[in-house]
Amino acid sequence: MIEVRGVTIGWGGVPLLVDLDFTVADGERFAILGGSGCGKSTLLRHLIGLEQPMAGTITIDGAPIVMGDDQPPRAGVLFQSAALFGSLTLIENVALPLRRWSELSREAIEATALGRLRLVGLGGYENFLPSEVSGGMRKRAGIARALALEPKLLFLDEPSAGLDPITASGLDELLLTLNTDLGVTIVFVTHELQSIFDVAQRCIVLDRDARGIVGEGDPNVLRETATHPIVRAFFHRVSKPL
Ligand SMILES: Nc1ncnc2c1ncn2[C@@H]1O[C@H](COP(=O)(O)OP(=O)(O)OP(=O)(O)O)[C@@H](O)[C@H]1O
Ligand SMILES: [Mg+2]
């Protein structure tokens, strides 16, 4: 579904990750891993089409991805900060993409948005403001909004960061349900080892010094078999070798 070929990304002409090659299959749960500042969020912004690579091509379903104001996004996105509009209720937040991109009537938009909130376990909270619900609930509302237009592909940047372990595992279960019940392809950035092992079928491990991918595969297999010191350190939670 996603094909990344010879892609170099960076800021201001300075490359951060060089000559990346990887693919994500239709229906897969795929994790992007790596230490702080290695470029995970930057890579996600490129996959979404918010930034253009310095070299190489990124395609989704065979076509280059473009994020413009003139066409609906083909993927749902949950950014690192859930980025809900604080002055809008949860249901108004979820309705935004529908207002912008669908031809649905006001009533149908409301019903659809409510359905999305129920799907993520927020039925009954539709009229709350983001500030009136917990961090985990804000993440769920962000996911409901990302799902508003029924995308086949969902990108999430550290969905469980800053959440307690029980809330985080509830969010992991939600991702699994969206993937298995709705067939949504899931690409997520995370630091949480538990989420990686519970949710991801495949992953890439990025490294800032190597400026690229140092490990790729099933995280449960990588944990046991990886020989690369950075990959081993990542999965065994030891500090990075000097
Ligand atoms: N908009 C931007 N303009 C210029 N440089 C940026 C921008 N966003 C990020 N960077 C730089 O790119 C590098 C990678 O940042 P990025 O946010 O992609 O890392 P990350 O792997 O997501 O880190 P974290 O785990 O802390 O979220 C950093 O050095 C950062 O300063
Ligand atoms: Mg980041």
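User: Where is Pro72 found?

Analyst: Pro72 sits in the loop between strand E5 (63-64) and strand E6 (75-78). Bear in mind that this is a predicted model.

User: Is Pro72 buried or exposed, and why?

Analyst: Pro72 counts as exposed, because it has 11 C-beta neighbours inside 10 Å. The cut-off for exposed is 12 or fewer.

User: Which residues does Pro72 touch, leaving out those up to four places away in sequence?

Analyst: Trp101 and Leu149.

User: What domains is the protein divided into?

Analyst: Domain 1 is made of 25-51 + 61-74 + 151-242, and domain 2 covers 84-149. Their C-alpha centres lie 24 Å apart.

User: How many residues of each domain are in contact with the other?

Analyst: On the domain 1 side there are 10, and they are in contact with 11 residues of domain 2. Helix H5 (residues 165-182) gives the largest share of the domain 1 side, four residues. By class, that side of domain 1 has seven nonpolar and three polar residues, and no charged ones.

User: Switching to H3. How many residues does it have?

Analyst: Helix H3 has 14, running over residues 106-119. From its first C-alpha to its last it reaches 20 Å, close to the 20 Å expected at 1.5 Å a residue.

User: Which residues of H3 are buried?

Analyst: Ile109, Ala113, Arg116 and Leu117. Seen down the axis of H3, these buried residues fall within an arc of 100°, so they line one face of the helix.

User: And what is exposed on the other side of H3?

Analyst: Glu107, Ala108 and Ala111 are exposed there.

User: What do the buried residues of H3 pack against?

Analyst: Two helices, H2 (90-101) and H4 (135-146).

User: What about H2, which of its residues are buried?

Analyst: Leu90, Ile91, Asn93, Val94, Ala95 and Pro97. The cover over these buried residues of H2 includes H3 and H4.

User: What follows H3?

Analyst: Gly121, which has a positive phi, near 85°.

User: Which residue other than glycine has a positive phi near 45°?

Analyst: Glu158. It is placed in the loop between strand E7 (153-157) and H5.

User: Why does Glu158 count as buried?

Analyst: Glu158 has 21 C-beta neighbours inside 10 Å, and a residue is buried at 20 or more.

User: What about Arg211, where is its phi?

Analyst: Phi of Arg211 is near 50°, again a positive value in a residue other than glycine. Arg211 lies in the loop between strand E9 (202-207) and strand E10 (212-217).

User: How does Arg211 count, by its C-beta neighbours inside 10 Å?

Analyst: Arg211 has 18 of them, so it counts as partly exposed.

Terms used:
Residues are numbered from 1 along each chain as its sequence is written. Chains are lettered from A and ligands numbered from 1 in the order in which they are written. This is a predicted model: local features need pLDDT of at least 70, side-chain atom pairs count only at pLDDT 80 or more; totals for chains, interfaces and linings use all residues. The expected span of a helix is 1.5 Å times one less than its number of residues. The arc is that of the directions from the helix axis to the C-beta atoms. Two residues are in contact if their C-beta atoms, placed from the backbone, lie within 7 Å. Domain bounds come from an automatic or database domain assignment. Ala, Val, Leu, Ile, Met, Phe, Trp, Tyr, Cys and Pro count as nonpolar, Asp, Glu, Lys and Arg as charged, and the others, Gly among them, as polar.
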